[in-house]
Protein chains: 2
Amino acid sequence: MPATPAWPPSSLPRLYVDQPLGEGASVTLESQQANYLGAVLRLGPGAQIKLFDDRSGEWLAEIVEAGKKRVTLRIVQQLREREAVPDLWLAFAPIKKGRIDWIAEKATELGVARLVPVITQRTIVDRLNGERLLAHMIEAAEQCERTALPELAEARKLDALLKDWPAGRTLYFADEMGGEPFAPAATPGPAAILIGPEGGFTDAERAAIRALPEARPVSLGPRILRADTAAVAAVSLWMGAAGDWTQSPRS
Amino acid sequence: MPATPAWPPSSLPRLYVDQPLGEGASVTLESQQANYLGAVLRLGPGAQIKLFDDRSGEWLAEIVEAGKKRVTLRIVQQLREREAVPDLWLAFAPIKKGRIDWIAEKATELGVARLVPVITQRTIVDRLNGERLLAHMIEAAEQCERTALPELAEARKLDALLKDWPAGRTLYFADEMGGEPFAPAATPGPAAILIGPEGGFTDAERAAIRALPEARPVSLGPRILRADTAAVAAVSLWMGAAGDWTQSPRS
């Protein structure tokens with residue numbers, strides 16, 4: 001069974017549910033999702049939609065009962081298994097609403113495995129609305145037919161991130177002060193990309209990052225990139241060189 | 001004189017003006033720009049800002065007179081020459097406001113030479129607000145210390161784009177039906193990236209594009225990417241492999 005989505009995308013509605021799905025299982029949707037199916041799309045018994053649970057792939061589901069605030073569905077069959085996700089983390093200093101939502105959305109489309117918000121000295125936004133970020137990630141996954149969501153980690157300070165850094169996971173950090181051209185194919189294996197705040201890292205932070213044996217300072221060219229642009233550019237470069245973008249595209 | 005911006009970015013305000021600048025020249029700013037300097041930043045005579053004109057680089061300017069609706073400046077000296085811009089065009093089907101603004105902004109940060117809106121059969125948005133797009137491009141260029149703006153071409157239909165295609169300019173198009181992994185280093189020289197609408201190209205359009213000798217269908221991996229994500233990903237991959245991202249970063 002192919003893990004990649006078919007093209008063109010089916011016109012069936014597609015929703016994420018945070019419960020394990022399986023053949024014959026019953027699913028109850030409430031509030032926003034029920035309203036979407038029942039009131040917005042006006043679907044009723046017999047109508048089919050797709051569901052995914054970030055655990056077991058994508059399933060075809062049929063509406064059994066549709067009320068104003070509740071929709072019950074029956075799982076008919078599995079359509080796809082959960083996709084393989086390249087082992088890339090994206091660690092980023094929170095930036096303002098709108099731009100950070102864009103990072104979360106793009107990271108989800110691009111196949112990042114884990115999003116790690118990191119508070120640095122020059123981070124202006126130190127509170128993160130995890131629920132809103134997750135909602136953006138879910139919407140991107142629903143619309144782009146993904147069967148896996150990135151993990152959204154709790155925000156933590158940079159020194160805590162570095163202290164607990166998993167041995168063997170390469171840490172590429174976009175360093176405005178310079179670094180090697182980003183050539184991730186040279187260092188295979190689990191990786192992470194660290195994008196600093198708009199004001200950059202302090203000298204002490206840069207030294208602390210560079211002190212990690214896994215750290216690799218990289219340059220993303222001679223122009224200044226905003227944090228959200230740098231995040232998408234770096235993830236794309238990694239996916240193209242060390243991720244799964246050399247795979248055959250979907251059938 | 002270095003063409004790349006110094007790090008950290010100077011805190012001097014930085015504005016684009018659509019007039020040729022030169023040493024000793026006088027510049028008059030009105031309406032929005034005058035209001036920004038005079039009322040928002042409350043700058044007065046003697047204050048210095050940076051100006052660029054997309055022709056001759058970046059210049060240090062000093063305020064001579066500041067009124068509510070008009071600010072006059074004197075050009076003091078040149079700070080940087082106009083940067084070299086990699087020869088990459090980005091052709092894209094217009095998408096809705098917000099997302100298309102992101103594309104214009106990101107393309108400006110990433111160093112695209114020319115933006116070409118292309119109307120395809122499945123393009124939903126067929127009217128383009130060129131002024132608004134240009135405003136986003138200017139803002140990105142001002143904030144990211146660029147001395148060059150991408151050229152913003154008039155929108156045209158796909159068949160017109162293909163009919164007038166300049167010989168020798170490689171046309172990479174992101175094809176959901178498949179293509180080679182995107183490896184632009186293999187084909188040096190002027191290039192363009194074509195991103196279709198959210199609904200994709202029709203079979204006839206795909207055939208017409210592929211009929212161009214310069215056309216190269218490329219895949220951006222096994223996941224579905226929205227048009228704005230695909231645009232930034234593809235431009236980043238080209239810049240990393242065939243653009244100027246292997247240059248030493250800024251001094």
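In which strand of chain B is the place of T170(B)? In this predicted model, T170(B) lies in strand β10 of chain B, which runs over residues 170–174. With a relative accessibility of 4%, T170(B) counts as buried, because the limit for that class is under 20%. Once the neighbours within four places in sequence are set aside, the residues in contact with T170(B) are W165(B), T187(B), P190(B), A191(B), A192(B), E214(B) and R216(B).

P117(B) belongs to strand β7 of chain B, residues 114–119, and its relative accessible area of 0% makes P117(B) buried. Although P117(B) and A155(B) are 38 residues apart in sequence, their C-alpha atoms are 4.6 Å apart in space. A155(B) is also among the residues that P117(B) touches when those up to four places away in sequence are not counted; the others are F92(B), P94(B), L128(B), L152(B), A153(B), E154(B) and R156(B).

Chain A is divided into domain 1, covering 14–80, and domain 2, covering 88–242, and the centres of domain 1 of chain A and domain 2 of chain A, taken over C-alpha atoms, are separated by 33 Å. To the contact between them, domain 1 of chain A brings ten residues and domain 2 of chain A brings eight residues. The area that domain 1 of chain A and domain 2 of chain A bury between them is about 790 Å², of which 53% is on carbon and sulfur atoms.

The polar side of this domain contact can be described as well. One salt bridge is counted between domain 1 of chain A and domain 2 of chain A, and the side chains of K50(A) and E145(A) meet in a salt bridge with an N to O distance of 3.9 Å. Seven residue pairs in polar contact, both at pLDDT 80 or more, are counted between domain 1 of chain A and domain 2 of chain A. On the side of domain 1 of chain A that touches domain 2 of chain A, β1 (14–16) and β3 (48–52) of chain A each supply at least two residues, and β1(A) gives the most to that side, with three residues.

The next level is the contact between the two chains. Here 50 residues of chain B are in contact with 51 residues of chain A, and chain B and chain A bury about 4,400 Å² between them, with 58% of that area on carbon and sulfur atoms. Ten salt bridges are counted between chain B and chain A; in a salt bridge between D244(A) and R223(B), the closest N and O atoms are 2.6 Å apart. The count of residue pairs in polar contact between chain B and chain A, both at pLDDT 80 or more, is 18. The elements giving two or more residues to the side of chain B that touches chain A are α2 (99–110), α3 (130–143) and α6 (227–241) of chain B, and α6(B) provides the largest share of that side, eight residues.

The same surface serves both copies, since 100% of the contact residues of chain B recur in chain A.

Technical notes
Residues are numbered from 1 along each chain as its sequence is written. Chains are lettered from A and ligands numbered from 1 in the order in which they are written. This is a predicted model: local features need pLDDT of at least 70, side-chain atom pairs count only at pLDDT 80 or more; totals for chains, interfaces and linings use all residues. Side-chain values use heavy atoms; hydrogens and water are left out. Contact means heavy atoms within 4.5 Å. Helices (H or I, at least four residues) and strands (E, at least two) are DSSP runs, numbered from the N terminus. Buried means under 20% relative accessible area, exposed over 50%, partly exposed in between (1.4 Å probe, protein chains only). Domain bounds come from an automatic or database domain assignment. Buried area is the accessible area (1.4 Å probe) that two parts lose on being put together, summed over both. A salt bridge is a side-chain nitrogen of Lys or Arg within 4 Å of a carboxyl oxygen of Asp or Glu. A polar contact is a pair of N or O atoms within 3.5 Å; within protein, one must be able to donate a hydrogen and the other to accept it, and residues adjacent in sequence count only if both atoms are side-chain atoms.
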